[in-house]
Amino acid sequence: MNSKILFTTTAMLGLSMAACTSHGPKAPAEYPSAPTDSTAVDEYFGHKVTDLYRPLENDTATATLQWVKAENAVTDAYLSAIPFRDKVRRRLSALADYRKTGLPWREKNGKYYYFANDGLQNQSVLYEKDSIEADGRVLLDPNTLSDNGTVALGDIFFDPTARYMAYTVNRNGSDWSEIYVLDLKSGTLLEDHIEWTKFTNVAWHGDGFYYSAYERPAEGKEFSNANEYQRIYFHRLGTPQSADAIVYEDLKHPLYFHTALVDDDQTVLMLYIAGNGAGNALKIKDLRKPGSPWVTMEPTQDESVSIFDVEGDTLYIETSWGAPRTRIMTADIRKPQREHWKELVAEQEGVLVGTGELSSDRFIFTYEKDAVNHAYIYRRDGTQVREIELPGLGSAAFSSCRDTPEVFYSFASFTSPSTIYSYDADSGLSTELSAPELAGFNPDDYETSQVFYPSADGTMIPMFITHRKGIELNGKNPTLLYGYGGFNVSLNPGFNAMRLIWLENGGIYVSANLRGGGEYGEEWHRAGMQMNKLNVFNDFIAAAEWLIANGYTSPEHLAIMGGSNGGLLVGATVNMRPDLFSVAIPQVGVMDMMRYHLFTIGWNWAPDYGTSADSPEMAEYLLKYSPLHNISDNGTPYPAILVTTADHDDRVVPAHSFKYAAALQAADTGKAPKLIRIDSDAGHGGGKPMGKYLDEMADTYSFIFYNLGIEPSK
């Protein structure tokens, strides 16, 4: 690894910082009283653990609803007293108000499609156009599906001829989705309507499609009860959902996920099975032979395996089997078992993160090296043609297909929003198609460096640091450290307009690539899983210590933030090292590690975390770091903490944040505020209307600014 890589990116507005005035809010003298139950005791292999705030798990109970109302009143009173809260909201709105154009792609009908947002629209709009140079026309505007933008368009799925388009919608931020079908020729919505799907694909075949769904949940428990028995159904156009046939179910394994896909040529029906390992199992049916049986390609869920192209009898596969950073292999549909696979492209130095057809004889493969994307053209015989020269160090996504030589890609960095390019595969030249313009923000005034620092066990961890050029390393710079560290997810350089208000006010933004992520393949992932989870927290703590030791900041000027698994990260590290941070923002976090697997899809996280039911050792390990169970109560000063969650979060149920916040407020952790912000008609984050997102970010940054003693100059 290089010890340091420096590249120039974003921009400075020359904004200054000043100490906050003294008339701002103080921590509440008293917090709302939460409902408790001292008899709620769980036993883990002989070890009893009291769950005092168990009543807060019942999100529809009167006592819980009253507590939520009281907490929001306390939090809003605190935030409303921050003198510059409205100014922050206005500036964030101005920064977000630029046209965002998504990556275009071409369908079999010869038309081009793309998403775009005029700036502050709650949801992005799907457009259609006849040529890449033509103006787009609205095909589907999800902003018309609700008055307040809380109905979001999920995924879209064109049938093989592009006559029909199925799409999913999610309501109020929930993971539950519904499927609708649009006739692209007439522009009319069909009567077909599928409910109670979750994490589903729509795989078109013949006169209908395959999809994944659960049985209707118990009334009132749609957003909390565990989801079990996901089945694959086939829906024939023009028929009611009640007539849909079950294509696949597994009654012996109620917690498995099942996803169906069909290739473009309608050759193979693929069934992906996950939920019990770091990878997935895979079964296939040959659709050319009516009545053909399911054939198992991969029986275990130990490694990842997916088919990304089918040509005749040849299946092109990307897999981590025998290659932690993933390799390309081929299989014959007539004997697809693993022992018959053949290697096409060996495992590379980087991690394979993307595959796509370029034309009938070439592929585009995207690799991740030190958390940065690199892309290459390969022939179908496995030989490399060239690297695609990207505009810099950042993240790229490609759009291409077998039927046309056209290639489009998007590119973004920490300080430059997604820009769309066309790529000439013959000449190797890129042409810019669209580039957003930001309001009063010049990316050239900022720079991003990548450094590598040692964790507690000596492992070198990569980290991106973004700030205004010419910053003085005097230990006094306000710094926001972000991390995730789990589920094989990589934190690549990416753009977020909300972050700019931090940078333009002199802040440093840091993104640490912790173990548990996918930055270096499955080995890196496993180094932060289960009994290795403490590595992740140690990596994050070491990042903070490195920033302090190298003069970037100090504990008095350091804030941390993370969402979902990153919320767990923030909660755990605050308990471990409260002295390192002044502000902490755990967003929609997994805070109860002893019971997480009992709610909605929490069981699916067991491969990463392990569960308290696995073994005495696993239960003890989880209890050792669970944020809810390790809050200090001896007067140790904690940083100012703003917990965020939402009432319709059915991925990480709000009970996690409810119980954690109640325990935090009841403990003796010093005078800094310990607040919880509970959004309504919102979920885990996906599909959140722009207005709600701006409100949340205005509150979050106002809280951080105020508690670090900063008054933003705009």
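Buried means under 20% relative accessible area, exposed over 50% and partly exposed in between, computed with a 1.4 Å probe on protein chains only. The model is predicted: local features need pLDDT of at least 70, side-chain atom pairs count only at pLDDT 80 or more, and totals for chains, interfaces and linings use all residues. Residues are numbered from 1 along each chain as its sequence is written, and side-chain values use heavy atoms, with hydrogens and water left out.

**View A. Helix α6, residues 565-576.** Helices (H or I, at least four residues) and strands (E, at least two) are DSSP runs, numbered from the N terminus. Of the 12 residues in α6, 11 are buried, and the helix is mostly covered. The buried residues are N565, G566, G567, L568, L569, V570, G571, A572, T573, V574 and N575. The expected span of a helix is 1.5 Å times one less than its number of residues.

**View B. The open sheet β18-β19-β20-β21.** Two strands pair if DSSP finds at least two bridges between them. Pairing among these 4 strands is antiparallel. Because β18 (257-262) and β21 (295-298) each have a single partner strand, they stand at the edges, and one side of each is left without a neighbour in the sheet. On average, neighbouring strands are turned by 25° against each other, direction ignored. For such angles, axes are lines fitted to C-alpha atoms (for helices, over the stretch in contact), and angles run from 0 to 180 degrees between N-to-C directions. Strand β20 (residues 281-286) is joined to β21 by 3 bridges, and K283 stands opposite T296 in β21.

**View C. S359 in strand β26, residues 351-359.** S359 has a relative accessible area of 11% and is therefore buried. Its side chain makes a polar contact with the side chain of D361 (2.7 Å). A polar contact is a pair of N or O atoms within 3.5 Å; within protein, one must be able to donate a hydrogen and the other to accept it, and residues adjacent in sequence count only if both atoms are side-chain atoms. Leaving aside neighbours within four places in sequence, S359 is in contact (heavy atoms within 4.5 Å) with R380, C401 and R402.

**View D. A34 in the loop between β2 (17-18) and β3 (41-44).** A34 counts as buried, at 14% relative accessibility. Not counting residues up to four places away in sequence, A34 touches Y53, L56, W67 and A662. The C-alpha atoms of A34 and A663 are separated by 9.1 Å, although the two residues are 629 residues apart along the chain.
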